[in-house]
Amino acid sequence: MDLTSKLKEWTLEYIGDGPLLLVDFSVSQGAKRTLITILVDTLEGVTIDQCALMSRKLAHFIEEGVLIEEAYNLEVSSPGLDFPLSQGWQFQKNLGRKVKVWMKNKEAENVEGTLVSNTDEAVEILTEKTVKHRKIVAKEATWFPLAEVDKIKVQVSFQ
């Protein structure tokens, strides 16, 4: 079994049935060091302590098994707001928040609105139709098939 498979297997065993949920996992070889990046979250939001504990335990597993002999970087963190939503539980966690949807078809317009609901195949976004850049004419709920969506990100508003 290669390094990536061993580390991913350990990660999935550690996470088990929750409360941590795996968002993203990657192992890449940098110029001088191996970089291991693990993004985790929970439905309530992951804490620094949860990330630190997982990092310590994974580092111990790597060193105990001498899986990486040279120096390496290990990053365990939450995905942050700039990371795209990709899993059903992430959509559920962010219901009612403003999101931006980028479509795979580059000719289609990007859409912004409020995440209303989701299924395994689509997300429902409440979009606003505007006139003359300011006046809201109507709010319209539209379903976007995930197969046609490139990415969806939560939008931060400072208003």
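D150 is partly exposed, with a relative accessible area of 42%. On this scale, buried means under 20% relative accessible area, exposed means over 50%, and partly exposed lies in between (1.4 Å probe, protein chains only). K106 is exposed, at 65%. The side chains of D150 and K106 meet in a salt bridge, with a distance of 3.7 Å from N to O. The term salt bridge stands for a side-chain nitrogen of Lys or Arg within 4 Å of a carboxyl oxygen of Asp or Glu. D150 belongs to strand β8 (residues 149-154) and K106 to the loop between β4 (98-103) and β5 (111-118), so the pair ties together parts that are 44 residues apart in sequence. Helices (H or I, at least four residues) and strands (E, at least two) are DSSP runs, numbered from the N terminus.

The model is predicted: local features need pLDDT of at least 70, side-chain atom pairs count only at pLDDT 80 or more, and totals for chains, interfaces and linings use all residues. Residues are numbered from 1 along each chain as its sequence is written, and side-chain values use heavy atoms, with hydrogens and water left out.

## The salt bridge of D41 and K93

Side chains of opposite charge can pair when their charged atoms come close. By the rule given above, the count comes to 2 salt bridges. One of them joins D41 and K93, whose closest N and O atoms are 2.8 Å apart. D41 lies in strand β2 and K93 in helix α3 (residues 88-93), so this pair ties together parts that are 52 residues apart in sequence. D41 is buried, with a relative accessible area of 9%, whereas K93 counts as partly exposed at 30%.

## A sheet of three strands

Strands of a sheet pair through backbone hydrogen bonds, either parallel or antiparallel. Here an open sheet of 3 strands has the order β1-β2-β3, with mixed pairing. Two strands pair if DSSP finds at least two bridges between them. The strands β1 (21-29) and β3 (72-77) stand at the edges with a single partner strand each, so one side of each is left without a neighbour in the sheet. Direction ignored, neighbouring strands of this sheet are turned by 10° against each other on average. Such axes are lines fitted to C-alpha atoms, for helices over the stretch in contact, and angles run from 0 to 180 degrees between N-to-C directions.

Strands β1 and β2 (residues 34-41) run antiparallel and are joined by 8 bridges; D24 has L39 in β2 as its bridge partner. Strands β2 and β3 run parallel, with 6 bridges between them, and T34 stands opposite Y72 in β3. In a regular strand the side chains alternate between the two faces of the sheet. In β3, Y72, L74 and V76 form a covered face, while N73, E75 and S77 form an uncovered one.

## Helices against the sheet

Helix α1 (residues 3-15) lies across β1 and β2 and runs at about 160° to β1. Helix α2 (residues 48-64) also packs on the sheet, where it touches β2 and β3, and its direction makes about 150° with that of β3. Contact means heavy atoms within 4.5 Å.

## Aromatic rings

The structure holds 2 aromatic pairs. Rings of Phe, Tyr and Trp (its six-membered ring) pair if their centres lie within 6.5 Å; planes under 30 degrees apart count as stacked, over 60 as edge-to-face and the rest as tilted. The rings of W10 and Y14 have centres 5.1 Å apart and planes at 10°, so the pair is stacked. Both residues lie in helix α1, 4 residues apart, about one turn of the helix. W10 counts as buried at 14% relative accessibility, and Y14 is partly exposed at 26%. Together with F61, W10 and Y14 form one aromatic cluster.

## The surroundings of F91

F91 is found in helix α3 and is buried, with a relative accessible area of 3%. Leaving aside neighbours within four places in sequence, F91 is in contact with residues including L115, V123, L146 and I152. F91 and L115 are 24 residues apart in sequence and 7.7 Å apart in space, C-alpha to C-alpha.

## Backbone exceptions

Most residues other than glycine have a negative phi, and most peptide bonds are trans. A cis peptide bond joins G18 and P19, with omega at about 10°; P19 lies in the loop between α1 and β1. V66, which is not a glycine, has a positive phi of about 45° and lies in the loop between α2 and β3.
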